[in-house]
Amino acid sequence: MSAKTIEEPARQIPLYGEYEVAVLGGGPAGIAAAVAAARAGRRTLLIERYGFLGGMGTAAGVTNFCGLHANVHGEMHRVVQGIASDLLARIDRLDGLNAPHLILGKIFAQAYDTAAYKIAADDLLAANKVDILFHALGAGVVMQDEKRINALMVETKAGRQAVRAGIFIDCSGDGDLAAWAGVPFEVGDNAGSMLYPSMMFRLNGIDPERAGDAWRTIPALMEKAEAKGTHRFPRKTAIVRPQRSAIEWRVNFTQLAREDGSAVNGLEPDDLTRGEIEGRRQAVQAFEFLRTVPGFEKSYIVDLPPQLGIRETRRVVGGYMLSGEDVLGCASFDDSIGVNGWPMEQHVAGDVTFTFPPIPESRGFNELPYRMLVPEGMDNLLMAGRCASMTHDGQSAARVSGACFAMGEAAGAAAALALSGNTIPRDIAVEKLQQSLKQQGAFIGRDQNVPEGL
């Protein structure tokens with residue numbers, strides 16, 4: 001990349017609009033944040049770079065909700081409720097939601113159809129009168145002073161525009177807004193390692209009867225193929241599971257690395273470019289292998305998603321950094337605003353490792369403190385999603401959709417409370433926030449019974 005620069009002439013930026021709450025990023029955290037703020041009566045704008053919502057769940061083809069459930073003393077419980085339940089109900093009405101399925105014999109995940117997710121999310125935001133700006137890429141901020149953001153800059157087909165808001169919520173996944181505002185952050189493990197990205201894809205044309213429980217036999221078939229030298233795989237622990245229609249399966253087989261073996265960096269344009277191309281190449285290689293598996297002989301690739309699946313980039317430093325010890329120790333916090341039931345899921349070189357709290361001895365979930373949503377040194381910014389305040393190990397668990405829904409709903413509700421009290425998010429009464437979340441049907445863990453059923 002050239003080190004040369006070009007000076008951009010000063011210009012007047014059109015003001016797209018003024019809002020009470022502006023949310024950057026339309027993944028699970030952004031959806032929940034925007035809906036929560038709007039339900040509380042705040043004029044809210046959700047800004048999304050693509051023409052649809054869902055974040056990595058649609059744009060990267062994840063097609064699987066992780067972290068909605070927890071293994072509580074050996075029993076499965078749905079622990080992420082509230083706005084997430086409203087969204088899932090809408091997906092289900094579109095016949096786009098699978099029943100929960102067991103992962104590693106220890107935890108539930110839940111597959112969905114990406115088209116149904118997109119439609120359901122549109123419907124949810126419309127029902128709550130959230131304004132949406134699609135095809136708008138965040139591009140920078142203008143500061144009012146060192147602690148307060150005046151406007152967010154976005155690039156659109158109409159050129160650069162500005163959005164003013166009383167409170168901003170960064171749900172970008174990469175912590176873009178926070179970084180532009182000068183908030184301290186960490187990247188990966190601070191030693192050059194991040195969770196490896198993947199290129200997901202979906203197959204159609206599978207024979208369900210012949211395929212059977214192919215996810216159980218595929219690992220052994222992979223080992224045999226490598227031993228014979230017919231195929232080589234970028235990682236172990238491949239995930240191949242059926243969607244709502246048993247003739248369609250999702251595939252998570254790939255791992256994207258730089259030439260030196262480290263993870264592709266989702267903050268580097270050249271890395272992203274190479275990662276997209278290599279990801280598609282690996283998808284084709286995985287497909288060629290899967291065509292040798294019984295039931296997959298006539299399958300074909302029906303979908304390669306719009307982008308590479310990024311798991312980790314920036315993690316903003318907030319009032320508390322959720323740690324791996326908190327996850328494995330099922331930590332509780334006085335300022336809990338939701339829970340995470342997913343284990344540490346570390347995508348390391350050549351493999352994926354899962355580390356669970358003790359099962360069935362533990363309650364199986366950790367609480368999420370409000371402080372992890374409040375970045376250092378800013379008066380009108382909140383964080384939610386995988387860029388919230390967590391350590392590298394803590395983020396490997398709480399980056400998944402379940403925890404992101406919980407964080408987003410809390411951030412949106414907190415923004416509304418701060419505006420109604422004419423204060424800054426850091427100074428709101430957390431007890432009021434907790435009560436507001438409970439009234440909306442969210443499970444925050446603290447002083448609540450574990451929800452019944454799945």
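Helix H7 spans residues 214-228 of this predicted model. Its 15 residues reach 20 Å from the first C-alpha to the last. At 1.5 Å a residue, 21 Å would be expected, so the two values are close. Four residues of H7 are buried: Ala214, Ile218, Met222 and Ala225. An α-helix has 3.6 residues a turn, so residues three or four places apart point the same way. Just after H7 comes Gly229, with a positive phi of about 85°.

Now move to helix H11, which covers residues 401-420. Ser401 is found in this helix. Is Ser401 buried or exposed? Its relative accessibility is 13%, and buried means under 20%, so Ser401 counts as buried. What does Ser401 touch, leaving aside residues up to four places away in sequence? The contacts are Pro28, Asn64, Phe65 and Cys66. Pro28 belongs to helix H1, which runs over 28-39.

The model holds 3 cavities of 30 Å³ or more. The largest cavity has about 70 Å³ of space. Its lining is made of 13 residues. Closest to the centre of this cavity are Ile337, Gly338, Ala406, Ala442 and Phe443. Which elements give two or more residues to the lining of the largest cavity? They are strand E18 (336-340) and H11. By class, this lining divides into 10 nonpolar residues, 2 polar and 1 charged.

An open site comes next. The second largest pocket has a volume of about 210 Å³. It is lined by 14 residues. Nearest the centre of this pocket lie Ala36, Ala40, Ala413, Ala416 and Ser436. Three helices each supply at least two lining residues: H1, H11 and H12 (430-439). Which of the elements gives the most to the lining of this pocket? H11 does, with 5 residues. The lining of the second largest pocket has 7 nonpolar, 4 polar and 3 charged residues.

H11 gives two or more residues to the lining of the largest cavity. In the second largest pocket, H11 gives the most to the lining.

How values were computed
Residues are numbered from 1 along each chain as its sequence is written. This is a predicted model: local features need pLDDT of at least 70, side-chain atom pairs count only at pLDDT 80 or more; totals for chains, interfaces and linings use all residues. Side-chain values use heavy atoms; hydrogens and water are left out. Buried means under 20% relative accessible area, exposed over 50%, partly exposed in between (1.4 Å probe, protein chains only). Contact means heavy atoms within 4.5 Å. On a 1 Å grid over the protein atoms alone, a cavity is a set of points where a 1.4 Å probe fits but cannot get out, and a pocket is an open set with protein on both sides within 12 Å along at least five of seven lines; lining residues have an atom within 4 Å of a point. Grid points are joined across faces, edges and corners, and a volume is the space filled by probe spheres set on the points. Ala, Val, Leu, Ile, Met, Phe, Trp, Tyr, Cys and Pro count as nonpolar, Asp, Glu, Lys and Arg as charged, and the others, Gly among them, as polar.
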